[in-house]
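Open the model in your viewer and keep the selection panel at hand.

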Amino acid sequence: MKTNTAAINPRFPRNDAYGALAMPVYHCCAYEFPDHQAMIDSFTGVSDDPDYSRVTNPTVIHFENIIKRLSGAADAVAFTSGMAAISAAMMALLKAGDKIVTSRHMFGNTYLLFTSTLARFGVETVLVDLTNPEEVRHAVDSRTRCVYLETITNPQMEIADVRAIADIAHAAGACVVADTTMIPFTYADARALGIDVEILSSTKYLSGGATSLGGVVIDYGTVDGFGRTLRKDILMNLGGYMTPHAAYMQTLGLETLDARYAVHERNARAIAEGLSAIEGVKVNWPGLPDNPWHEIATRQFGGRYGAMLTLELPSEEDCFRMIDRLRIVRRATNLFDNRTLAIHPASTIFGTIDAATRESMDVSPRIVRISIGLEDPEDILADLRQAITGRD
Ligand code: PLP
């Protein structure tokens, strides 16, 4: 089966008593056993009978199984949010004294997780330019457990050569952990790119229009002991498993992912092209042929470029004025909602990071981030245009 067929017609792990077409929401905390032996078998992993929904739930397992199937991975584990997935994966991978090699260009909370939270547990984060393989080669040493990257960085939109980084990391005995939130996991061949552990915020494309929070760790089975530690140690001892309701919503989201993505990207192209024609506006979207990341995006993501773009305006005041003039586009965070969303990252998502650090991360105060939705693109373009120029 190809991707859409497999996403829409998955088999349940067990036959449903009523023949339900959609996976029922098993909104229960615990499960009853017929006898003590079945109970022992479940708790000791001899059987896969669920025991407690902190670590196993039929609705969540169904969602995980579809992702496992579509990615061809060894396992997929679903968490309550993208940040829960990232922190669980890093906790499973790292110990005190280990090093992460990564970039200053990444989502604000991931940056703070590495440089603040994990630093308190003795993990060192080395920040390099991931678009320069020589810098990566220089930074990776015997203490480096992983190179961590976002396939399109948020909000800088930078795209590194994942395969080149993976070759360097693997040669040094380190693994590659990639946040692929910006392009649905179904479109890139993570294994061919050398990704060992893929993480995504399923709040974004997968949830089906901002229906629910979630995050997924996709384990390709190439890091010794990682998958077992993630499920049997970190998930059990720290919690953070996806809720059955979110898994239900996101299973529906997977069914329409390809159809929705096509519209997101078609709209992103129309809007990026339309905004590029406005004087004084610099549009950063890798689908534009003159974008510095166009060629590598084309190669790495099979000609897909995502539905997030940024606009650089002459000043921060211009950004604030533009945001305040919006009539249709919503002033909100999040990505890949059905609605188009606008945010000024420097003063919000990165607002609690000091100005010098923010500058080193290239989060410019002159940038507005737009997540393109599923509306009619003419309406969105007209709204953005009047907001930028102040003229209808
Ligand atoms: N990774 C990236 C690239 C993101 O943009 C986000 C959220 O915006 C996250 C991770 C965190 O995901 P969540 O908000 O689901 O915790």
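## Stop 1: the largest pocket

Begin with the largest pocket, whose volume is about 790 Å³. Select Asp48, Asp49, Pro50, Thr56 and Ile61: of the 29 lining residues, these are the closest to the pocket's centre. Next, colour helix H2 (36–43), helix H3 (58–71) and helix H9 (226–238), the elements that each give two or more residues to this lining. Which of them gives the largest share? It is H3, with five residues. Now colour the lining of the largest pocket by class: 13 residues are nonpolar, six are polar and 10 are charged. Keep in mind throughout that this is a predicted model.

## Stop 2: the second largest pocket

Move on to the second largest pocket, with a volume of about 450 Å³. Its lining has 19 residues. Select Gln156, Lys282, Val283, Asn284 and Glu312, which lie nearest the centre of this pocket. Then show strand S8 (282–284) and strand S9 (308–312), the elements that give two or more residues to the lining. S8 supplies the largest share, three residues. By class, the lining of the second largest pocket holds seven nonpolar, seven polar and five charged residues.

Where does this lining come from in terms of domains? Colour domain 1 (3–255) and domain 2 (258–389) separately: each gives at least three residues to the lining of the second largest pocket.

## Stop 3: the ligand

The shell has 14 residues, and the closest are Gly82, Asp179, Ser201, Thr203 and Lys204. Helix H4 (residues 82–93) gives the most to this shell, three residues. Sorted by class, the shell divides into five nonpolar, seven polar and two charged residues.

Now check distances to the ligand's oxygen atoms:

- Methionine 83: a polar backbone atom is 2.8 Å from an oxygen atom of the ligand.
- Asparagine 154: an N or O atom of the side chain is 2.9 Å from a ligand oxygen atom.
- Lysine 204: a polar side-chain atom lies 2.9 Å from an oxygen atom of the ligand.

How much of the ligand's accessible area does the protein cover? The ligand on its own has 390 Å² of accessible area, and the protein covers 90% of that.

## Stop 4

Rolling a probe the size of a water molecule over the atoms shows where empty space is left. In the whole structure, a search finds three cavities of 30 Å³ or more. The largest cavity holds about 60 Å³ of space.

## Stop 5

Go back to asparagine 154, whose side chain has an N or O atom 2.9 Å from a ligand oxygen atom. Show the peptide bond from asparagine 154 to proline 155: the bond is cis, with omega near 10°. Proline 155 sits in the loop between strand S4 (144–150) and helix H7 (162–171).

Finish at alanine 210. This residue is not a glycine, yet its phi is positive, at about 55°.

Technical notes. Residues numbered from 1 in each chain as written. Predicted model: local features only at pLDDT ≥ 70, side-chain atom pairs only at ≥ 80, totals over all residues. Heavy atoms only, no water. 1 Å grid on protein atoms, 1.4 Å probe; cavity = no way out; pocket = protein on both sides within 12 Å on 5 of 7 lines; lining within 4 Å. Points joined across faces, edges and corners; volume = space filled by probe spheres on them. Helix = DSSP H or I, 4+ residues; strand = E, 2+ residues; numbered from the N terminus. Nonpolar A, V, L, I, M, F, W, Y, C, P; charged D, E, K, R; others polar. Domains from an automatic or database assignment. Near = heavy atom within 4 Å. Polar contact = N/O pair within 3.5 Å; in protein donor to acceptor, adjacent residues only side chain to side chain. Areas by Shrake-Rupley, 256 points an atom, 1.4 Å probe, with all protein chains shown as cover.
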